[in-house]
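Good morning, and thank you for the time on today's agenda. I would like to take you through one structure, and I ask that you keep the view on the screen as I speak.

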Amino acid sequence: MPRKKNGIPFVLQPRPTKGADGKPLLYAHLEPGRKLTLDWLDEEFRGQGRYQPGDVRRMMEIFAVVTSRYIADGYRIETPLGTFAPKLKMTGEFTDPAMVGNGNVDMTGIEYTPSAFFKRKVKQYDRGCHKVDTYVGNAQMQDEQAMQEALQQSMGRHGFVTIKAFCVYSHLKYKSARRYLDSLCEGEHPLFSREKSGGVIFYVPVQSDRE
């Protein structure tokens, strides 16, 4: 039977809890690095009608500016995509309403609820899921060849590695990826050096001296 290649690609990660066999229970996680940019979406919109370059970005930026002040005032914004509303949280535990004052409730974020229309459209294109062959957890850190390939793919044509790029190709989580990259900068003969610019850490290969 041919292997399924369409649908939502997922990788497996271990949970803290263990199963009856003593091994960590697994959960499905979206394949890292699978995202589309606003520039890509802008091109898609141009193919659907008379839209000019940058129209999507401008519309979304205006939407964010206009709706933000109303959400901050406690309104729920209804759109074809769903509703956006302020997410509230109590700053403590209370049982007596008289003890709750204005300062005991904060807005902690924005709540998004997809509309029935949007969910129906997404479901229309649903083709199931398919598993991507990857390591579970951080087992790949023990595979030196896999790590070397991930480093080369992360560098590409740039000549340096960032933690986020290495996460994509190594399938490591952020902390594990940083720990591995940091280990390459240690010892008497480090393979990489750390450089920081604009809050981003760059790992640059150390050029070995040649006589």
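Setting aside neighbours within four places in sequence, Y203 is in contact with F160, V161, I163, R178, L181, D182, C185, F192, S193 and R194. Please bear in mind throughout that this is a predicted model.

Y203 also leads us to the largest nonpolar core, which has 17 residues. Which of them touch the most other members? They are L151, V161, I163, F166, L181, F192 and Y203. Helix α4 (144-155), helix α5, helix α6 and strand β9 (200-205) each supply at least two residues of this core. The greatest contribution comes from α4, with four residues. As general background, nonpolar side chains in soluble globular proteins tend to be buried together.

I turn now to two of those contributors, α5 and α6. Helix α5 covers residues 163-170 and helix α6 covers residues 174-183. Their axes come within 9 Å and cross at roughly 105°. An angle from 65 to 115 degrees counts as roughly perpendicular, and therefore α5 is described as roughly perpendicular to α6. On the α5 side, the contact is made by I163, K164, F166 and C167. On the α6 side, Y174, A177, R178, Y180 and L181 take part. By class, this contact of α5 with α6 comprises seven nonpolar and two charged residues, with no polar ones.

Which residues of α6 are buried? They are S176, A177, Y180, L181 and D182. The buried residues of α6 pack against α4, β7, α5, β8 and β9.

That brings us to the sheet containing β9. Three strands form an open sheet in the order β7-β9-β8, and the pairing is antiparallel. The edge strands are β7 (161-162) and β8 (192-197), each of which pairs on one side only. Strands β7 and β9 pair over two bridges, while β8 and β9 pair over six bridges. In β9, F202 has T162 standing opposite, and E195 also stands opposite F202. The hairpin of β8 and β9 has two residues between the strands, and G198 there takes a positive phi near 60°.

Strand β4, residues 82-90, pairs with β5 in the antiparallel sense over nine bridges. F84 stands opposite Y112 in β5.

To close, I return to the residue with which we started. Y203 is among the core residues that touch the most other members, and its contacts include R178, L181 and F192. Thank you; I would be glad to take questions.

Notes: Residues are numbered from 1 along each chain as its sequence is written. This is a predicted model: local features need pLDDT of at least 70, side-chain atom pairs count only at pLDDT 80 or more; totals for chains, interfaces and linings use all residues. Side-chain values use heavy atoms; hydrogens and water are left out. Two strands pair if DSSP finds at least two bridges between them. Axes are lines fitted to C-alpha atoms, for helices over the stretch in contact, and angles run from 0 to 180 degrees between N-to-C directions. Angles under 35 degrees count as roughly parallel, over 145 as roughly antiparallel, 65 to 115 as roughly perpendicular and the rest as oblique. Contact means heavy atoms within 4.5 Å. Ala, Val, Leu, Ile, Met, Phe, Trp, Tyr, Cys and Pro count as nonpolar, Asp, Glu, Lys and Arg as charged, and the others, Gly among them, as polar. A nonpolar core is a set of buried Ala, Val, Leu, Ile, Met, Phe, Trp, Tyr and Cys residues joined through side-chain atoms within 4.5 Å. Buried means under 20% relative accessible area, exposed over 50%, partly exposed in between (1.4 Å probe, protein chains only).
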